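Visitor: I would like a close look at one part of this model. Please keep it brisk.

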Amino acid sequence: MSKATSTDAQAPARHAADSHDLIRVHGARENNLKDVSVEIPKRRLTVFTGVSGSGKSSLVFNTIAAESQRMINETYSTFVQGFMPTLARPDVDVLEGLTTAIIVDQQRMGADPRSTVGTATDANAMLRILFSRLGQPHIGSAQAFSFNVASLSGAGAVSFERGGKTVKERRSFNITGGMCPRCEGTGSVTDFDLTALYDDGLSLNEGALTIPGYSMDGWYGRIFRGCGLFDADKPIREFTDTELHDLLHKEPTKIKVEGINLTYEGLIPKIQKSFLAKDRASMQPHIRAFVDRAVTFTTCPDCGGTRLSEAARSSKIAGISIADACAMQISDLAEWVGGLDEPSVAPLLATLRHTLDSFTEIGLGYLSLDRPSGTLSGGEAQRTKMIRHLGSSLTDVTYVFDEPTIGLHPHDIQRMNNLLLQLRDKGNTVLVVEHKPEAIAIADHVVDLGPRAGTAGGEVVFEGTVEELRASATLTGKHLDDRACLKPSVREPSGTLEVRGAGTHNLQDVDVDVPLGVLVVVTGVAGSGKSSLIHGSVSGRDGVVAVDQTAIRGSRRSNPATYTGLLDPIRKAFAKANGVKPALFSANSEGACPVCKGAGVIYTDLAMMAGVATTCEECEGKRFQAAVLEHRLGGRDISQVLAMPVTEAEEFFGAGEARIPAAHKILQRMADVGLGYLTLGQPLTTLSGGERQRLKLATHMGEKGGVYVLDEPTTGLHLADVEQLLGLLDRLVESGKSVIVIEHHQAVMAHADWIIDLGPGAGHDGGRIVFQGTPADLVAGRSTLTGEHLASYVGA
């Protein structure tokens, strides 16, 4: 009896299924990780901290999230896997307890000219269905409201087998699309400046064409000479009207040149297809410069920039067309949709309402659905991707966020924190890579990587609660409570840069004098008009160097040495010292190892399986021919130079036999922005977001210009690195430059000589100057949201 009683008193045994409450990582070695082992609690919010380049993304994205995605992909058939991105298993010994990972990263949204906020979030698709059901007059199905579907009609005979006989029937089809026929759904029409396409005093053979890539030495030359439409030796100004039309506008025509079947097409349709099909932001710099010079974009006169046909604009619900709905600020559109009461489409209205409310909830209510997705900042793009996950009924999912507070004013960070906590409280695991102390403060668990960046990082230096982190001796722990002080005195401006009547996007006829010769910080809540003011009215001026947030583009063959232009003076110095050609010292040119073509590794494609990369046995991963490595400069060969960290290279090229002033200057700038630990030949694809941002800044610092415009330079920077950035901004100002920074970080605001604050809200509630003056005056007045947050930050 007593035995039974004691058994009953015991706690019930824990079910085996409930024991998997940790994600276990053992022996992770991706990128710079050094055999990292860590246990992450499930259904909790874990924040990963550490300096930029310490290995946070390698652990969270390249190991945990990548393996989760790879395992999900393997559940599909090989046929389906053939259409999916192939992922290699991360370099890790053990990964246990993984759940489905949903990744919300900082990648900018596709810069396709046809992609808008509405198309990227499915809000447009729902609006199209709504108008096809309720719009009056009724004009057709949902595709009649799509600016990506053209109206088509056709008829003809079709043959098919029926009952063992071949039967011919006449069939016709008719598709009603919503695309504006004039601008083909892009909202703008192009006009070409012909003087930028060719020099009419020259013939084609004399090099009349000034379009990048249109050389007479290659296939274009053969096509122009062999098409028979005009004389390639005759100056273009002597062409007849027909010849000029054929050169510029002729539709694609089959021709035969030297026995080869080719297609000839006029220059303008060719440029429209090859250059203008891409968004300006995704063009190479020389192509972008040509397009800016040769093409003017004007709003389409037929559709007024709405991209939609007249029929699509004529169908309305309660006096509002789909074009009007897409042009509304989303917060206003949500109100309008909320006022519609139509039982026949009740489920659709409920879903659309939820999507639009999510925009407002996440702080993007100031956008409109017709905003091109390529114009969103990194933070806006990331929050737009979050929208589809808000209100999801999925639980026990791992959500992975990469710095979700990017581009957010301190006032908006609290809202973002609430969203992350909501996701956690539904029973999900939330992993966040973050630098902002306000976001670190809400963590249940913190993993700090370091101690430094690159090869000096890649280790877990702390695991525990936020309070334990504060008391720890790690770099993050020491700097977590850092608070910048207001400067006792500010610099006097040397002049002003006048902006009058600025009206870009939501700006409301803004007049402002931007002081020169000082550090100016432009601030305000997300969507208040900061970028519109500075990029719209200041960046394009002479002598202004703008460093925006667009990502560095680079393949695995690109590295800091090629991107910054550092390799050019080094190659020339090697060539001069050894009496050979500079091209020998390029792994992408004559000096490349013949086996791996200068890649250092040999890639084997395994179709739907992950490809395999093996180190090249011929060059042992050095990327150069053996003969090239015999040439030396200052006792080092070119592969040894590319393996040097920036600090060592700065010393090497600064004095002695290998002294190269041009290279030394670039290396100094890289060290100034805190990239002294990077090796010169490290592929750009392995750099973190913060490292890429600073590499870009180092490159632009070499440009000639009196005014520097920096767009959120603290993106991806650790608290300890912000101090170094402030020192760099001070040095720029002291060397006679004017520095204008668009920024949300309070340490940068406190360090400013002059603050321009926009607001008071976002979208049509913003676009006005609410304060301009010194940081001390802003804190003393506390008249704006920025003033309140800065005052509490500096402890005033």
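Visitor: Where is Pro137 found?

Guide: Pro137 is found in the loop between helix H5 (123-134) and strand E6 (152-162). Helices (H or I, at least four residues) and strands (E, at least two) are DSSP runs, numbered from the N terminus. This is a predicted model, where local features need pLDDT of at least 70, side-chain atom pairs count only at pLDDT 80 or more, and totals for chains, interfaces and linings use all residues. Residues are numbered from 1 along each chain as its sequence is written, and side-chain values use heavy atoms, with hydrogens and water left out.

Now the bond itself. The peptide bond from Gln136 to Pro137 is cis. Its omega is near -5°. Most peptide bonds are trans.

Gly450 and Pro451 are also joined by a cis peptide bond, with omega about 0°. Pro451 sits in the loop between strand E16 (445-450) and strand E17 (459-464).

Other loops hold backbone angles to check. Most residues other than glycine have a negative phi. Glu184 has a positive phi, near 55°. Look for Glu184 in the loop between strand E7 (165-175) and strand E8 (188-192). Lys597 is not a glycine either, and its phi is positive, about 55°. Lys597 lies in the loop between helix H21 (567-578) and strand E22 (601-604). Lys597 is exposed, with a relative accessible area of 54%. Buried means under 20% relative accessible area, exposed over 50%, and partly exposed in between (1.4 Å probe, protein chains only).
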